[in-house]
Amino acid sequence: LEAGRCIVNLAAPGAVTAAVALRSAGVSIPLWGSIFAAEGDRGLSLGQIEMLTRPIDADLVRSQCIMIAPKNARLLAIGSDSATFIALRQGLMKAGMSVSIAWDLKQATELMEIVRPHLIVLDLALPARGTAVLVAELARQETPPVLVMLPGNPEQLAAFGAAIGKLVPQEGARTHQNVLRALIDSKRAAA
């Protein structure tokens, strides 16, 4: 298709899996996140997102993050798998990034205020409701950090998608057309 970007509705069944499949196949098209309500014509835009694959390949993650993060970026990794996130931290620190790790969603909320990250790496194997709330809160920010997601298993992804689709508010959310326009305009501004 030679598309310039791929817009991923995180609430759509199979969307995260499809985005991961693109990355696994070596497709480097920029990914832009959105959340469209399960019912109605409302949504939120997240801006640029990225997908990781399990197991973590520190060199691949470093190259992905270098492409989307400013030099000396601040990164917040959120997940409970210490082996995965310690390896991730080591790889990203080699790239000159400042990396903080939150081992649960409560700690992540506290660290976000302190760190003010450029990137957030979020393990979707954490409880679906909590990860969905966190992502919906990010989407409400004027300039959200780049969200880098590490998918969980199919059941965890389905629970995340179902939970996040219910968190789009009627007040303050945009129509589908306006969400798409905002994502397109964001891309043009970044180019």
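The questions and answers below concern this predicted model.

Q: Why is Glu50 called buried?
A: The relative accessible area of Glu50 is 6%. Buried means under 20%, so Glu50, at 6%, is classed as buried. Glu50 is located in strand 3.

Q: Which residues is Glu50 in contact with, leaving aside its neighbours within four places in sequence?
A: Glu50 is in contact with Arg23, Leu31, Gln64, Ile68, Leu147, Val148 and Met149. Contact here requires heavy atoms within 4.5 Å. Two of these partners, Arg23 and Gln64, are listed with Glu50 among the residues nearest the centre of the second largest pocket.

Q: What makes up the lining of the second largest pocket?
A: The lining comprises 16 residues, and those nearest the centre are Arg23, Ser28, Glu50, Gln64 and Met67. By class, the lining holds 8 nonpolar, 6 polar and 2 charged residues. The volume of this pocket is about 360 Å³.

Q: Which elements each supply at least two residues of that lining?
A: These are helix 1 (15-24), strand 3 (42-51) and helix 2 (58-68). Helix 2 provides the largest share, 5 residues.

Q: How do you know whether the buried residues of helix 2 lie on the same side or on opposite sides?
A: The buried residues in question are Val61, Arg62, Gln64, Cys65 and Ile68. Around the axis they cover an arc of only 165°, and therefore they lie on the same side of helix 2. The buried residues of helix 2 pack against helix 1, strand 3, helix 3 (82-94), strand 6 (119-123) and strand 7 (146-150).

Q: Why is Arg116 called exposed?
A: Arg116 has a relative accessible area of 53%. Exposed means over 50%, so Arg116, at 53%, is classed as exposed. Arg116 belongs to the loop between helix 4 (105-115) and strand 6. Although Arg116 is not a glycine, its phi is positive, at about 50°.

Q: Why is Asp41 called partly exposed?
A: The relative accessibility of Asp41 is 39%. Buried is under 20% and exposed is over 50%, so Asp41, at 39%, falls in between and is partly exposed. Asp41 sits in the loop between strand 2 and strand 3. Not counting residues up to four places away in sequence, Asp41 touches Arg174, Thr175 and His176.

Q: How do you know that Ala102 and Thr131 are to be called buried?
A: Ala102 has 0% relative accessibility, and Thr131 likewise has 0%. Buried means under 20%, so Ala102 and Thr131 are classed as buried. Ala102 is part of strand 5 (residues 98-102), whereas Thr131 is part of helix 5.

Q: Which residues have the most contacts inside the largest nonpolar core?
A: They are Leu10 and Ile78, in a core of 42 residues. Helix 5 (residues 128-139) gives the largest share of this core, 7 residues. Another core, apart from this one, has 20 residues, among them Ala73, Leu88, Val99 and Val121.

Q: What does Leu10 touch, not counting residues up to four places away in sequence?
A: Leu10 touches Val16, Ser34, Leu46, Ile49, Met51, Val135, Met149, Phe160, Gly161 and Ile164.

Terms used. Residues are numbered from 1 along each chain as its sequence is written. This is a predicted model: local features need pLDDT of at least 70, side-chain atom pairs count only at pLDDT 80 or more; totals for chains, interfaces and linings use all residues. Side-chain values use heavy atoms; hydrogens and water are left out. On a 1 Å grid over the protein atoms alone, a cavity is a set of points where a 1.4 Å probe fits but cannot get out, and a pocket is an open set with protein on both sides within 12 Å along at least five of seven lines; lining residues have an atom within 4 Å of a point. Grid points are joined across faces, edges and corners, and a volume is the space filled by probe spheres set on the points. Helices (H or I, at least four residues) and strands (E, at least two) are DSSP runs, numbered from the N terminus. Ala, Val, Leu, Ile, Met, Phe, Trp, Tyr, Cys and Pro count as nonpolar, Asp, Glu, Lys and Arg as charged, and the others, Gly among them, as polar. A nonpolar core is a set of buried Ala, Val, Leu, Ile, Met, Phe, Trp, Tyr and Cys residues joined through side-chain atoms within 4.5 Å. Buried means under 20% relative accessible area, exposed over 50%, partly exposed in between (1.4 Å probe, protein chains only). The arc is that of the directions from the helix axis to the C-beta atoms.
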